[in-house]
Amino acid sequence: MQAAQRPPVEMRVILVCALLSPLSLARACPKECSCNSNNKVVDCRGRGLYDIPRRLHPETQELYLQDNRIRGIGSMAFREIPLVRTLDLSNNSITSISPTALLGLRTLQRLSLAHNSLRELDKRLLVPIHSLSRLDLSHNSLGGLPGAMGDSLKNLSYLGLAHNRLTRLDRSLMEAMTLLDSLTLRGNPWRCDCQLIGLKLWLETYVFKGGVMDEVLCSQPEEMKNRDLQKVPYELFHACMATSYHYLFANIHHLESERLLRGHTHGNHANPSIHALHVPMAMGEGFGGGGGGGGGMTECEPKQKQRPVNLRHAIATVIITGVVCGIVCLMMLAAAVYGCAYAAIMAKYQRELKKNEELAAAQGADHATADDKEPLENAIA
């Protein structure tokens, strides 16, 4: 009889636990916030908060803290909510974030730090997070992103960097984000010099693959001010070629990547995004594409009539190959001269060594003869 009554008791226990679970979430809700126990959302927007609220339920999955007065985020500030997936800290007054502020948030997918006063981010900040897909850093005062942060951003699909103080971005950092499909870069004081060529090449490949982005307007130098980096012809960067071989090898890598991308799309040379990918390799020689980009640059020669895309690629490839072969030949010539000089020095050294050995042998023979004559003369005497 007792055995027959056990199932109802167990069912009542389960029912009580189910009823108490939402109540426990409600009791864990900070008094400054409103909590939804069904979807595990904690809303603390516009409450005048100066710090991260405490007593958050550990099952919280979304935390909204925008429109407050938070100025800094300390170490392990969110240790109470390890399962959080969305964290919105936009429109505060945040100036500093501890490198370990996000420690423990392994499931975080969406992070917004927009509209704050951040000047830099520590490269360790996002290391604990492996599933971050959206990161909004727009409307801050960031002067750059650490190149070592690339591994933490490899799963991003959206990155917001608009309206900061960026003058350049590391190309290796951008190449690490292989899943990125949306990017905002407007409103930054981009310096369109030789160090931005890598970013230009990456942006053109990114757009060619279907990535969505806004414009990158140059602020410096003066002759390129307010011009879109993607539309600036490569001829305007020809001074870089005279001072650095990095430009050459960057273009070799880019042309090879483009060839692989276009292997199955032959005949799409009418696409303007493909025209933007062509890179001239001779100083002062125009290979088409950017006919409207010469304003303000007096050293640029008038552009010739645009040639077919395949011919342009062939010419660029021939020039690149010629330059590389020339460099290799010079290196081989230098090696040959060094080898000959070394061989001549060693031959001279061997001749002198042999000569010294022969001289030493002759002197030894003379001494031996003298030693033999002395006993004979003594015997006669």
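1. Three disulfides are present in the structure, which is a predicted model.

2. Of its two partners, C29 is buried, with a relative accessible area of 17%, whereas C35, at 28% relative accessibility, counts as partly exposed.

3. C33 is joined to C44 by a disulfide with an S to S distance of 1.9 Å, and here the torsion is about 105°, so the link is right-handed. Because C33 sits in the loop between α1 (2–27) and β1 (34–36), while C44 sits in the loop between β2 (41–43) and β3 (62–64), the pair ties together parts that are eleven residues apart in sequence. C33 is buried at 9% relative accessibility, and C44 is buried with a relative accessible area of 0%.

4. The sulfur atoms of C192 and C218 also lie 1.9 Å apart in a disulfide, and this link is left-handed, with -95° about the S-S bond. C192 belongs to the loop between β11 (190–191) and α3 (197–208) and C218 to strand β13 (residues 218–220), so the pair ties together parts that are 26 residues apart in sequence. Both C192 and C218 are buried.

5. C329 takes part in no disulfide, and the nearest cysteine sulfur, which belongs to C325, is 6.4 Å away. C329 is partly exposed, with a relative accessible area of 47%, while C340, at 56% relative accessibility, counts as exposed.

Definitions and conventions:
Residues are numbered from 1 along each chain as its sequence is written. This is a predicted model: local features need pLDDT of at least 70, side-chain atom pairs count only at pLDDT 80 or more; totals for chains, interfaces and linings use all residues. Side-chain values use heavy atoms; hydrogens and water are left out. A disulfide is a pair of cysteine sulfur atoms within 2.5 Å. Buried means under 20% relative accessible area, exposed over 50%, partly exposed in between (1.4 Å probe, protein chains only). Helices (H or I, at least four residues) and strands (E, at least two) are DSSP runs, numbered from the N terminus.
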